[in-house]
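Here is a friendly note to read alongside the model. Please keep the sequence and the 3D view open as you go.

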Amino acid sequence: AACRAALQPMPTPVLLRQSPGFVASASHATDLIMIGPGTGVAPFVGFLRSRQWARQRAPDDACGRATLFFGCRNHERDLLFRGELDLLLEDSTLSQLFTACSRDEDAELKYVTHAMTANGKSIVDAMCGADSTAATFVCGNGMHLRADYDACLDAILVAHAAMTAEQAAAERTQW
């Protein structure tokens with residue numbers, strides 16, 4: 001009886017926020033660059049499931065590349081959606097997955113910004129190339145991480161797109 005009492009449903013607080021601008025492109029031909037630390041990956045799994053469903057219904061339609069930069073603390077304990085992300089990679093719905101694990105001692109990339117920097121040229125090619133159609137999304141604890149991602153993207157633009165810091169900041173705000 002004591003165990004049963006401990007297993008009773010409990011109210012769970014939920015915080016809902018509107019994000020009217022946080023919607024994947026209506027066209028699955030648009031390339032996606034998704035940056036999501038921790039639970040910030042969840043909406044991107046939804047984007048990818050939608051793309052996967054569209055590909056199954058119309059396999060001959062063009063589908064853009066989807067790149068995910070995902071960070072967590074520990075690869076074994078915190079890599080959310082690991083099995084699903086592996087399947088999305090396997091069927092090419094997800095083109096590239098870069099993970100960064102901040103508490104894994106042997107991890108080459110500790111933070112998402114490290115993974116982004118290591119792949120800066122491909123980000124610039126997708127966002128600034130002559131045929132670029134990519135859309136960039138960042139989802140996570142924006143209050144703490146947004147400035148880090150902005151600075152990282154600006155540095156990538158300076159390094160790989162021959163922009164000044166001011167030009168990089170202006171370009172990034174257009175994404």
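This is a predicted model: local features need pLDDT of at least 70, side-chain atom pairs count only at pLDDT 80 or more; totals for chains, interfaces and linings use all residues.

1. Residues are numbered from 1 along each chain as its sequence is written, and side-chain values use heavy atoms, with hydrogens and water left out.

2. The overall fold: you will find eight helices and four strands in the protein chain. Here helices (H or I, at least four residues) and strands (E, at least two) are DSSP runs, numbered from the N terminus. Their order along the sequence is α-β-α-β-α-α-β-α-α-β-α-α.

3. Of the 175 residues in the protein chain, 34% are buried, meaning under 20% relative accessible area with a 1.4 Å probe, protein chains only.

4. A helix pair to look at: helix 2 (residues 42-57) packs against helix 4 (residues 82-90) at an angle of about 35°, and their axes are 11 Å apart. The axes are lines fitted to C-alpha atoms over the stretch in contact, and angles run from 0 to 180 degrees between N-to-C directions.

5. Who touches whom: helix 2 contributes Val45, Leu48, Arg49 and Gln52, and helix 4 contributes Glu84, Leu85 and Leu88. Contact means heavy atoms within 4.5 Å.

Conventions: Buried means under 20% relative accessible area, exposed over 50%, partly exposed in between (1.4 Å probe, protein chains only).
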